[in-house]
Amino acid sequence: MKIPSPMQQKREAIAPFILLLIIAPLLISMFYQFRHRYLYAACGILFGYVLQRHKLCFTAGLRDIFLLKSFTLTRAILLLLGLSTIAFALITEVSSKEFNMLVHPFGVNTLLGGLLFGIGMVVAGGCATGVLVRVGEGYQMQIFAFIGLLLGSLVGAYHYSLWVQENVKLVVNLQEYMGTLNALLVQMVIILALYFLCLYLEKGKRIFSLQQLKKQFSGNKAKNQYFKGAIYLSIINALFLYILLSPISITTGLTYFTGGIYEKLGGTVEGITFFDTGESLLLSPSIIFVFSIILGSFISSYTHREFRFRKVRSIKYIYMGMLGGFLMGYSARIAMGCNFGGFVNAVASMSLHGWVLGLSLLVGTFIGSKLLLKLIM
Amino acid sequence: MDNFIDALGEMCPIPILRAEKELGKLKKGEKLVLETDHSCSIQSVINHFEDKYNYPCKYIEVEEGIWQITIEKV
């Protein structure tokens, strides 16, 4: 093992102080009516930091079911899903504030969007969120995936009304449909059932012995990293909703950013429903949030001696990154969200479209995995 | 000399898939060294081989952002 130089050790010691500086204003803001843009940056940095530090990867969580028969990350994501659902229900019930939850209609657009997104994220080596984190770690492939993501989201925004306005009207808000408590119970039963299904598929009959189950949750330190990460991420997710009044979404910020740049370059976004926000696109705080994720990931990887510029092994990866990114950008618009805003936080918002997207994402990931093996093995 | 896979610049999850293929060819007691610059690899490779196959793994840092993971086939 190479012994870290004093300079490198210093870097590692600095990380907790950076985090403290970021967390303090967030905590203060919880007790005051205070919604500054800085808070978007703070949440974004923490979000990126946790994802990088704990290696929490949504793509691997779905893809490795098919490629490695591994369900560990899948369970970590289900933990995030369950905790966020509980947190969102509590926050919206207890607080008297008005929340802007992610409840959207669904239809063919959701199915097709999830399918394309699933393929895109496997081919690009990361979902929209994952690409941001990888860019912060210096991966050349995902820098190109990021460019593809931006371009795809612009085209997707142009096609948004084509897909969504005409055909899609079915909105199911489980919370309104059956009451918060019932909706919460139904969702938790489904999530728990999926969790134990994954555990069973991974461990077999061993999980029915209490001793084995205990061992599962104590022993493997590396594995526990994922679950710790999922818990931290749920806390950030809840904090963001409570302070900033709407759940985290990723691709919205990316799309506003591309639209804003396109406008600056002389393009016109007038008449495009998605860009009809009434204010300058580039001033949207959601843009601050997504770019802060890159910064948070960089801080985490740099302070822990993991950052380096990672050149691709073959030029093929650059094309795959671009293509996968474009697919994700486009499909996230027509499906009204990526795997975070369209699936995790949509489910936590108790909207049925989240479950529909989750299902089609799984199918898309399966197709993507087959495609990946063809492309590179 | 241990068997060596250079997986620098590979995308996820190719390092694991290549290691799995290579380990299949090795005899018991032989070791495989996987060099990777993928930051997720340490956790995912060790998880995969220790859990699924019970192969002991250890890793060293070669350079900032590059690691060598040694997997022993048992």
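Trainee: How much area do chain A and chain B bury between them?

Mentor: In this predicted model, chain A and chain B bury about 2,900 Å² between them, and 51% of that area is on carbon and sulfur atoms. In chain A, the residues that lose the most area to chain B are L68(A), R308(A) and R313(A), which together make up 23% of what that side buries. The contact draws on 42 residues of chain A and 31 residues of chain B.

Trainee: Why is the pairing of R308(A) with E63(B) called a salt bridge?

Mentor: Side chains of opposite charge can pair when their charged atoms come close. The term asks for a side-chain nitrogen of Lys or Arg within 4 Å of a carboxyl oxygen of Asp or Glu. For R308(A) and E63(B) the N to O distance is 3.3 Å, so the pair meets that cut-off and is called a salt bridge.

Trainee: What makes L83(A), I86(A), L90(A), V94(A), I231(A), Y232(A) and I235(A) a nonpolar patch on the surface?

Mentor: Such a patch needs nonpolar side chains, among them Val, Leu, Ile and Tyr, joined within 5 Å, from residues with over 30% relative accessible area and no salt bridge. These residues form a patch of that kind, with about 630 Å² of accessible area together. Helices α4 and α11 of chain A each supply at least two of its residues, and the largest share, four residues, comes from α4(A), the helix in which L83(A) lies.

Trainee: Why is the patch of K69(A), K370(A), K374(A) and K52(B) called positive?

Mentor: Lys counts as positive, and K69(A), K370(A), K374(A) and K52(B) gather on the surface, so the patch they form is one of positive charge. K370(A) is placed in helix α16 of chain A, whereas K69(A) is placed in the loop between α3 and α4 of chain A. K69(A) also has a positive phi of about 55°, although it is not a glycine.

How values were computed:
Residues are numbered from 1 along each chain as its sequence is written. Chains are lettered from A and ligands numbered from 1 in the order in which they are written. This is a predicted model: local features need pLDDT of at least 70, side-chain atom pairs count only at pLDDT 80 or more; totals for chains, interfaces and linings use all residues. Side-chain values use heavy atoms; hydrogens and water are left out. Patches are made of residues with over 30% relative accessible area and no salt bridge: like charges are joined within 9 Å, nonpolar side chains (Val, Leu, Ile, Met, Phe, Trp, Tyr) within 5 Å. Accessible areas come from the Shrake-Rupley method with a 1.4 Å probe; for residues, only the protein chains shown count as cover. The place of a charge is taken as NZ of Lys, CZ of Arg, CG of Asp or CD of Glu. Contact means heavy atoms within 4.5 Å. Buried area is the accessible area (1.4 Å probe) that two parts lose on being put together, summed over both.
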